[in-house]
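Let's take a friendly walk through this model, a few helices and residues at a time. Please have the viewer open as you read.

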Amino acid sequence: MSASNTTPAPRASGTWLQRWEPENEQFWNSGGSALAWRTLTITTLNLTMAFMAWFLVSALVVRLPQIGFKFTPTELFWLAAMPGLAGGTLRLVHMFLTPMFGTRHVVSLSTLSLLVPLVGWFYAVQNPATPYWVLLVLAFLAGLGGGNFSSFMPSTSLFFPKRLQGTALAIQAGVGNFGVSIVQFVTPWVIGFSLLGGAAFMGESQTMTKAGVQSQVWLQNAPAVMIPFVVVFGISAWLMLKSVPIKANFAQQFDIFRSRHTWSMTSLYIMTFGAFSGLSATFPLLIRQIYGGFEGAPDPLAWAFYGPLVGSASRVIAGPLSDRLGGARVTHWAALGMLGATLWVTTLTAPTGLDSFPLFVAGMLTLFFFAGIGNASTFKQMPMLFEPRQAGGVIGFTGAIAAYGPFIFGMLFAWSFATFKSATPIFYGLAAFFAFNAALNWWMYARRGAANPC
């Protein structure tokens, strides 16, 4: 009898597990499964806070003009874009961290780093005289939350057998993505009153003017309510997590770039998560720019959170579906769905009144729905194309590049509104990109006779 069967239960020596064999059924059933699912739960809670911190700026930026900050639409899109620039860049660092330092150190310390932008925004929004460059720096620092994804997700891929990785990764990413909806949903509510009943504790209120009506708001409440959760989740990760003994130094991890699948999967994930993250960050401003000029214009934050909510939910659902049907097949239909939804939206971006607003929201939610499905299915494809350590690296790298979505979309929409006074050209460009990726996935992975079906 092999050693792997005589000592099946996972054991830890300090931070690192002594061995980890999720494909060994006896090992998995003798404690491996319980530890993997516990790790998934803890890291998912931490990832949710990371997404909330990352997209906090998208919820705050639409309120800044109403409390006295004097910014142009281009400057507002730049603020919304900066977390995406930072998130993508920091993910290029995070993709190497798990094999070097382990799950426990990476998850706990990365989560606690979110305190920096949260505390900064708590103070900055209380003073309309805060310089624009300070807000740009704080918006960039919010990208610390975006960076976490590319170390958390590769960690999860190491803990689960291939047959369950589509489900596990979809649960973690999908629930983590809910952080976008949470922060966009909670912000309008929580800024409406002084927490703990004391302005001295929570800071002074601001006067918000909307449609000529003034009201008191506490914009600093949005980051303030997140700070205790960050502290608790970060400390819990340090106390409860262990690390899988799959290690590699910085140089060894560059082997993933020699595979053509790394680059094709990167393009597919830009299509799915790049669109999800980019539209999540800019959806409130799109509503404001396209429909905000009409009498009785909708409150962007009353509608924008539905987009990431739908995309997050569909990602969770699509994980088990991808395990059952195959990731490539699900990605194929997700890409076609995104293409159709985008063409629909192009007919609704030059309105003459509010009558078309419900259809615009419906088209955007359809786009978010299929993007969420594609987010899950592409993460099923990667573990099937690579061995575990390389799969984790590819997941981290593709997540890093796609995380530039908020920055790219912010810049593109800012340029489009400045040049054409419309978002329509960007949606036409997205339709072309989605069509390309649908063809790429079909040819390489989904068609009958494909060399690498996954």
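## Ground rules and an exposed loop residue

Buried means under 20% relative accessible area, exposed means over 50%, and partly exposed is what lies in between, with a 1.4 Å probe and protein chains only. Lys421 has 67% relative accessibility, so Lys421 counts as exposed.

The model is predicted: local features need pLDDT of at least 70, side-chain atom pairs count only at pLDDT 80 or more, and totals for chains, interfaces and linings use all residues. Residues are numbered from 1 along each chain as its sequence is written, and side-chain values use heavy atoms, with hydrogens and water left out.

## Around Lys421: α20 and α21

Lys421 sits in the loop between α20 and α21. Helices here are DSSP runs (H or I, at least four residues), numbered from the N terminus. The phi of Lys421 is near 60°, a positive value in a residue other than glycine. Most residues other than glycine have a negative phi.

Axes are lines fitted to C-alpha atoms, for helices over the stretch in contact, and angles run from 0 to 180 degrees between N-to-C directions. Angles under 35 degrees count as roughly parallel, over 145 as roughly antiparallel, 65 to 115 as roughly perpendicular and the rest as oblique. Phe409, Leu412, Phe413, Trp415, Ser416 and Phe420 of α20 make the contact with Pro425, Ile426, Phe427 and Leu430 of α21. Contact means heavy atoms within 4.5 Å.

## α4 against α14

How far apart are the axes of α4 and α14? They are 11 Å apart, and α4 (residues 73–94) packs against α14 at an angle of about 165°. That makes α4 roughly antiparallel to α14. The contact involves Pro73, Leu76, Phe77, Ala80 and Arg91 of α4, together with Phe273, Ala281, Thr282, Leu285, Arg288 and Gln289 of α14.

Thr282 belongs to α14, which spans residues 260–291. Thr282 is buried, with a relative accessible area of 0%. A polar atom of the Thr282 side chain lies 2.8 Å from the backbone oxygen of Gly278. Leaving out residues up to four places away in sequence, Thr282 touches Phe77, Phe409, Gly410 and Phe413.

## Ala139 in α8

Ala139 lies in helix α8 (residues 132–141). Is Ala139 buried or exposed? At 0% relative accessibility, Ala139 counts as buried. Not counting residues up to four places away in sequence, Ala139 touches Val57, Leu79, Met82, Pro83 and Trp121. Ala139 and Pro83 are 56 residues apart in sequence, with their C-alpha atoms 5.4 Å apart in space.

Lys162 is found in helix α11 (residues 162–190). Lys162 is partly exposed, with a relative accessible area of 30%. Apart from neighbours within four places in sequence, Lys162 is in contact with Glu23, Asp323, Lys380, Pro383, Met384 and Phe386. The backbone oxygen of Pro383 is 3.4 Å from a polar atom of the Lys162 side chain.

Helix α17 (residues 327–346) has 20 residues and reaches 29 Å from its first C-alpha to its last, close to the 28 Å expected at 1.5 Å a residue. The expected span is 1.5 Å times one less than the number of residues. Of the 20 residues of α17, 14 are buried, so α17 is largely enclosed by the rest of the structure.

Methods. Helix = DSSP H or I, 4+ residues; strand = E, 2+ residues; numbered from the N terminus. Polar contact = N/O pair within 3.5 Å; in protein donor to acceptor, adjacent residues only side chain to side chain.
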